[in-house]
Amino acid sequence: MNVWHALLRPDVELAPPFWDELNARMRAEKLTFGDRVHCPFLRPFFLTARDEQRVREVAELIAALGERVVKQALADPALLAQVALTPEEERLVRISPRYSTSSTASRLDAFLLPDSLEFAEYNAESPAGPAYAETLADVFETLPVMERFKQRYTVRKYPLMKQLLAALLESYREWGGTASPPVIAIVDWREVPTWSEFEILQSRFEKAGVPTIVCSPQDLVFDSEKLSAHGRRIDLVYRRVLINDIVAHPNECNALVQAYKSGAVCVANALTCKIPHKKAFFAVLTDERNASLFNESEHSAIREHIPWTRLLADAETTRDGDSFGLLEYVRGRRNDFVLKPNDEYGGTGVTLGWELDERQWDAALDSALADRARAWVVQERIAVRREIFPMQTGNGIEMRDMLVDFAPYLFRGKMAGCLTRLSSTGLANVTSGGGQVPSFVVDARD
């Protein structure tokens with residue numbers, strides 16, 4: 001936004017001492033991903049209330065469709081097969097969580113433009129970042145440049161942690177929990193780079209009067225009646241350990257799975273969230289075979305906001321009533337398609353067809369088809385947003401043209417705020433080296 005850029009003073013905000021102080025503040029607030037600070041940029045992402053409402057309506061619809069597909073897929077093996085779970089994943093998703101909400105916390109990846117809104121994928125499995133996003137907004141809200149900006153605009157941030165805690169407690173009550181307050185355990189591997197976020201959440205939850213511990217799966221003990229860690233009984237698990245890791249490390253995660261299976265503890269997100277978490281969930285939404293699952297207004301929203309997606313296979317498919325060979329179709333349209341693993345995060349394995357030549361694209365498709373360990377999807381290219389942001393580099397502050405990935409959080413299906421990531425490449429995620437900025441809803445003052 002030009003107004004914000006004009007408020008940056010060369011001898012203050014654009015000078016090294018300011019950046020040194022800001023970086024130190026971010027580290028003090030635990031705003032790090034491994035060794036990196038989250039935000040090398042000196043401008044938030046601003047959206048209008050109208051844009052917020054545009055995103056809210058569609059994001060909440062997609063989350064509702066995700067819950068619907070879970071219920072339908074668990075009752076219909078043919079539909080469940082469309083998301084390509086592994087046998088062990090299917091075993092886990094068929095364990096009843098003893099309450100109906102699959103995704104207590106989820107996040108969509110979106111590209112918001114003036115004349116379009118399209119979603120790239122749905123992270124239905126306890127996504128990272130809400131505590132980072134809110135804390136980063138807190139830091140930026142205290143900057144002198146923000147005070148000057150507020151003279152011309154109203155500015156609103158998102159209370160993500162409060163809403164996340166409320167959603168977790170609501171899922172606990174839906175599960176049948178009666179402890180008031182329950183003891184929450186945030187569970188993930190000690191080695192993950194997001195451990196600092198768990199500490200932020202622990203502090204905020206305890207400040208709200210909810211006892212919270214942070215532990216790894218190996219710390220959990222299940223005695224057939226209760227789940228505990230470090231000698232403390234656990235009522236509610238905020239599960240940040242991924243189902244992929246539960247599958248890969250069954251011994252370390254056995255206590256968690258057995259307590260979940262026996263109904264001794266509420267686990268959020270429930271393991272059933274794996275169904276809409278798969279990239280092939282968008283294939284379920286866009287495949288004519290599943291037309292009866294959605295009403296006409298839902299079909300309209302899917303056509304407008306969800307890219308055409310299919311599980312990669314040398315097979316027949318349909319589009320707009322026409323049948324054709326999928327593999328031949330995508331081979332001849334590399335400029336229009338992305339190739340993705342059906343279940344990865346951090347941009348791992350994502351191949352942008354328009355960045356390859358014909359030979360490379362064919363080789364990528366052939367490699368994916370030959371992959372017996374995992375399924376792959378092809379997804380139609382969508383329009384992306386780019387904006388100029390001031391960025392700290394080794395050469396000082398540079399104005400950089402960045403891709404803007406706007407990712408709304410949904411807590412029990414309701415939009416609660418967002419994560420906004422920037423990248424100079426075609427992929428925007430912190431794991432692969434992108435950066436994060438805080439987001440604010442703004443409106444010009446009269």
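Buried means under 20% relative accessible area, exposed over 50% and partly exposed in between, with a 1.4 Å probe and protein chains only. The model is predicted: local features need pLDDT of at least 70, side-chain atom pairs count only at pLDDT 80 or more, and totals for chains, interfaces and linings use all residues. Residues are numbered from 1 along each chain as its sequence is written, and side-chain values use heavy atoms, with hydrogens and water left out.

Helices (DSSP H or I, at least four residues) and strands (E, at least two) are numbered from the N terminus. In helix H11 (residues 254-262), the buried residues are Ala255, Leu256, Val257, Ala259 and Tyr260. Their cover includes helix H5 (87-93), helix H10 (243-248) and strands S9 (220-222), S10 (227-229), S12 (236-239) and S13 (266-268).

## Helix packing

Two packed helices are described by the angle between their axes and the distance between the axes. Axes here are lines fitted to C-alpha atoms, for helices over the stretch in contact, and angles run from 0 to 180 degrees between N-to-C directions. Angles under 35 degrees count as roughly parallel, over 145 as roughly antiparallel, 65 to 115 as roughly perpendicular and the rest as oblique.

Helix H3 (residues 49-75) packs on helix H14 (residues 296-305) at about 115°, with the axes 11 Å apart. H3 is therefore roughly perpendicular to H14. In this contact (heavy atoms within 4.5 Å), H3 supplies Val58, Leu61, Leu65 and Arg68, and H14 supplies Glu298, Ala301, Ile302 and His305. These residues divide into five nonpolar, one polar and two charged. For that division, Ala, Val, Leu, Ile, Met, Phe, Trp, Tyr, Cys and Pro count as nonpolar, Asp, Glu, Lys and Arg as charged, and the others, Gly among them, as polar.

The axes of H6 and helix H8 (residues 160-175) come within 8 Å and cross at roughly 150°, so H6 is roughly antiparallel to H8. Pro130, Ala131, Ala133, Glu134 and Thr135 of H6 meet Leu160, Met161, Lys162 and Leu164 of H8. The contact of H6 with H8 has six nonpolar, one polar and two charged residues.

## Two buried residues

Ile200 lies in helix H9 (residues 195-207) and is buried at 12% relative accessible area. Leaving aside residues up to four places away in sequence, Ile200 touches Glu29, Lys30, Ala131, Tyr132, Thr135 and Met161.

Ser126 sits in the loop between strand S5 (116-123) and helix H6 (130-141). Its relative accessibility is 3%, so Ser126 counts as buried. The Ser126 side chain reaches the backbone oxygen of Arg239 at 2.8 Å. Beyond residues up to four places away in sequence, Ser126 touches Ala105, Tyr238, Arg239, Arg240, Ala268 and Asn269.

## Backbone exceptions

Most residues other than glycine have a negative phi, and most peptide bonds are trans. The bond from Ser180 to Pro181 is cis, with omega near 5°; Pro181 is in the loop between H8 and strand S7 (184-187). Ala268 and Asn269 are also joined by a cis peptide bond, with omega about 5°, and Asn269 is in the loop between S13 and helix H12 (274-277).

Ser224, not a glycine, has a positive phi of about 85°. Ser224 is in the loop between S9 and S10 and is exposed at 56% relative accessibility. Asp320, also not a glycine, has a positive phi of about 50°. Asp320 is in the loop between strand S15 (316-319) and strand S16 (322-325), exposed at 69% relative accessible area.

Definitions and conventions:
Polar contact = N/O pair within 3.5 Å; in protein donor to acceptor, adjacent residues only side chain to side chain.
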